[in-house]
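My entries follow the structure.

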Amino acid sequence: MAEHTVKAFSEELDAITQEVARMGGLAETAVSDALAAVARRDTELAQVVIQRDPKIDAAQREIEKRAIKLFALRQPLASDLRVVLTAWRIAGELERVGDLAKNIAKRALILNQDEPIQLTRSVERMGKIAGAHLKQVLDAYANKDVQAAINVWNSDDNIDAHYNSLFRELLTYMIEDPRMISSCAHLLFIAKNLERIGDHGTNIAEYIHFLVTGEEITAQRPRADAAE
Amino acid sequence: MEFSAAGSERAMSNSPAMTAPMVKANAGSLAGAAIKIAARDVNVHYGDKQALFDVSMDIPDRAVTAFIGPSGCGKTTFLRCFNRMNDLIDNCRVSGSLQIEGKDAYAKTVDPVVLRTRVGMVFQKPNPFPKSIYDNVAYGPRIHGMARSKTQMDEIVEKSLRRAGLWDEVKDRLAQPGTGLSGGQQQRLVIARTVAVNPDIILMDEPCSALDPIATAKIEELIDEMRENYCIVIVTHSMAQAARVSQKTAFFHMGKLVETGATEEIFTNPRDTRTQDYITGRFG
C-alpha cells in the first residue's frame with residue numbers, strides 16, 4: 001500500500017504492528033519454554049518463564065498506549081483503523097497466552113517434585129500442535145496472509161480432539177492408580193491451558209481475516225471439544 | 001436509522017452447519033430509504049472541458065448524504081445540478097437525467113426559481129444580506145408571497161430561526177443587521193433564511209469551512225436535527241465531518257463517482273483503492 005502523505009503516520013502504524021509481532025514472539029517462546037520445562041523436568045526454565053511474563057504484560061500496555069495515541073492524534077480510518085484495532089485485540093489475546101504459559105510453568109514446578117509419569121509425552125505432543133498453531137497464526141499476521149489465517153481457524157479442532165483423547169487417557173490413569181491423581185490433575189490443567197492457547201490462536205486468525213478483508217468470519221468454527 | 005442497522009445485521013448472521021468461513025456480502029445498500037433525488041448518467045461540461053462523467057446515484061430522503069473528494073473532483077458541480085445553479089454559468093451544459101421525487105428537474109416546464117425554493121442552498125462563506133436579521137429570514141417568504149399578514153411573517157421568521165437553532169441568541173435584536181453576527185451565527189442565519197421558504201432538500205457546500213470548532217459543532221448538531229425533516233446533501237473537505245454527520249457517503253475523483261455507500265462502510269471498509277487512499281490520507 002502507498003505511503004501516507006504524512007509519513008509519521010505510516011511509521012506509527014508500522015511500529016505498532018512490529019510491536020505486536022515482537023509480543024507474539026515473546027508469547028510463542030513462553031509457550032514452548034513452559035512445555036520444555038514440563039517435558040525435560042527443567043525447574044530452572046519454568047522459573048524463567050514465570051519471571052519473563054511481566055515483559056509480555058508490558059508489551060500489551062505499550063501496544064494499547066500506541067493505539068490510544070493513534071486514535072487520539074491520527075483518527076485512523078478504513079484499513080488504518082483496522083490495523084490499530086487488530087493490534088489492540090491481538091495484544092489482548094497474546095497477554096492471555098502469556099498467562100496460560102506461565103500457569104503451565106507453575107504446574108511444571110509442582111510436577112517436577114513428583115515421580116515422572118509417562119503421560120507427559122501426550123501432553124508434549126498436544127503442546128507441539130498448539131505451539132505450531134500459534135506460530136502459524138503469528139506468521140499469517142506478519143504476512144497479512146488471510147488464507148493462512150483461515151487454515152489455522154479451520155485446524156483448531158485438531159487441538160480440541162487431542163484434548164479430548166488426553167482427558168480420557170488421564171481419567172483412566174487416575175482410576176487405575178489413585179496415587180497418580182495429583183500429577184494427572186496438573187497435566188489435565190496443562191492440557192486445558194493448551195486447548196485455550198489454541199482458542200486464542202483461532203481468535204487471532206479471525207482478527208487477521210478482519211484486518212485484511214474488513215469482514216468478520218461469520219460461520220461457526222468446527223469444534224471437536226465435546227465438553228463445551 | 002436504517003443505515004446503521006446494516007453493520008449489526010452482518011455480525012449476527014451465523015450459520016452453525018458451516019465448516020468453512022463464510023463472509024456475508026457487504027451490506028452497502030441503503031434498503032428501505034425513500035429516494036429523493038435520482039441521478040442517471042449525469043454529464044456536465046464547462047465549454048470543452050468535461051467536469052462530470054456519467055454520474056448515477058440515488059440520494060435518500062430524510063438523511064444526510066456527504067460528497068467527498070479532492071478539489072476539482074466534481075462534487076460541487078454535481079451538487080449544483082440539483083437546484084440548477086449551473087444554469088447560471090455560461091458555457092455550462094448538463095446532460096443525463098436528474099429526477100426529484102420522480103420528476104425531471106430539467107424539464108422545460110420547470111421554473112428554476114420555483115425549483116430553488118424547494119432545493120435550498122447554503123454556501124461555504126456565510127452570506128447574509130446587508131439587512132436586519134428579521135429581513136434576512138423574511139426575504140424569501142416575502143418575495144414568494146408566503147405570508148398574508150405581519151403576524152404570519154413573524155411566525156415564519158421565529159419558526160425558521162428556531163429550526164436553525166438561532167432564535168434564543170437573536171430574539172431580542174431582530175432589527176440589528178445580520179452581518180453583525182459571529183461567523184457561526186451568520187451561517188445559522190443563512191440556514192434559517194434557507195428553511196424559511198419551506199424547501200424539502202437542503203444543499204450545503206462546505207458550510208463549516210469558515211467556522212471554528214464550536215460553531216462547527218453547532219451546525220453539525222443542527223444538520224443532525226434537520227435530517228428528520230429534510231433531504232440534506234453536504235459537500236465537505238473534512239472526512240471527519242462527513243463521517244460524523246452523514247448516513248451515506250459518495251466519493252468523487254476526477255469527475256467520476258468512484259464509490260458510494262453507507263457512511264459506516266465507506267469509512268471502515270471502502271471497496272475501491274482510490275477511496276481507501278483518499279480517506280486514509282494516501283493521495284499524492
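The entries below go from the cores to a helix, a glycine and a pocket.

**Conventions.** I worked on a predicted model, where local features need pLDDT of at least 70 and side-chain atom pairs count only at pLDDT 80 or more, while totals for chains, interfaces and linings use all residues. Residues are numbered from 1 along each chain as its sequence is written, chains are lettered from A and ligands numbered from 1 in the order in which they are written, and side-chain values use heavy atoms, with hydrogens and water left out.

**Cores.** I looked for nonpolar cores, meaning sets of buried Ala, Val, Leu, Ile, Met, Phe, Trp, Tyr and Cys residues joined through side-chain atoms within 4.5 Å. Buried is under 20% relative accessible area, exposed is over 50%, and partly exposed is in between (1.4 Å probe, protein chains only). The largest core has 66 residues, and A:Leu94, A:Val137, A:Leu170, A:Leu187, A:Ile190 and A:Leu194 have the most contacts inside it. At least two of its residues come from each of α1 (7-39), α2 (43-74), α3 (78-111), α4 (120-142), α5 (146-176) and α6 (181-213) of chain A. Helices (H or I, at least four residues) and strands (E, at least two) are DSSP runs, numbered from the N terminus. A second, separate core holds 47 residues, including B:Val137 and B:Met226.

I then listed contacts (heavy atoms within 4.5 Å). Beyond four places in sequence, the partners of A:Leu194 include A:Leu35, A:Ile104, A:Met126 and A:Ile159.

**Helix α4(A).** I checked its length, taking the expected span as 1.5 Å times one less than the number of residues. Its 23 residues should span 33 Å, and the end C-alpha atoms are 32 Å apart, which agrees. The buried residues of α4(A) pack against α1, α3, α5 and α6 of chain A; among them are A:His133 and A:Tyr141. A:Lys144, which follows α4(A), has a positive phi near 50°.

**B:Gly281.** I found this residue in the segment after α11 (273-279) of chain B. B:Gly281 counts as partly exposed because its relative accessibility is 29%. Leaving out residues up to four places away in sequence, B:Gly281 touches A:His4 and A:Thr5.

**Pocket.** A pocket is an open set of points on a 1 Å grid over the protein atoms alone, where a 1.4 Å probe fits, with protein on both sides within 12 Å along at least five of seven lines; lining residues have an atom within 4 Å of a point. The largest pocket has a volume of about 490 Å³. Of its 19 lining residues, B:Arg116, B:Met121, B:Phe129, B:Arg193 and B:Val197 are the closest to its centre.

Terms used: Points joined across faces, edges and corners; volume = space filled by probe spheres on them.
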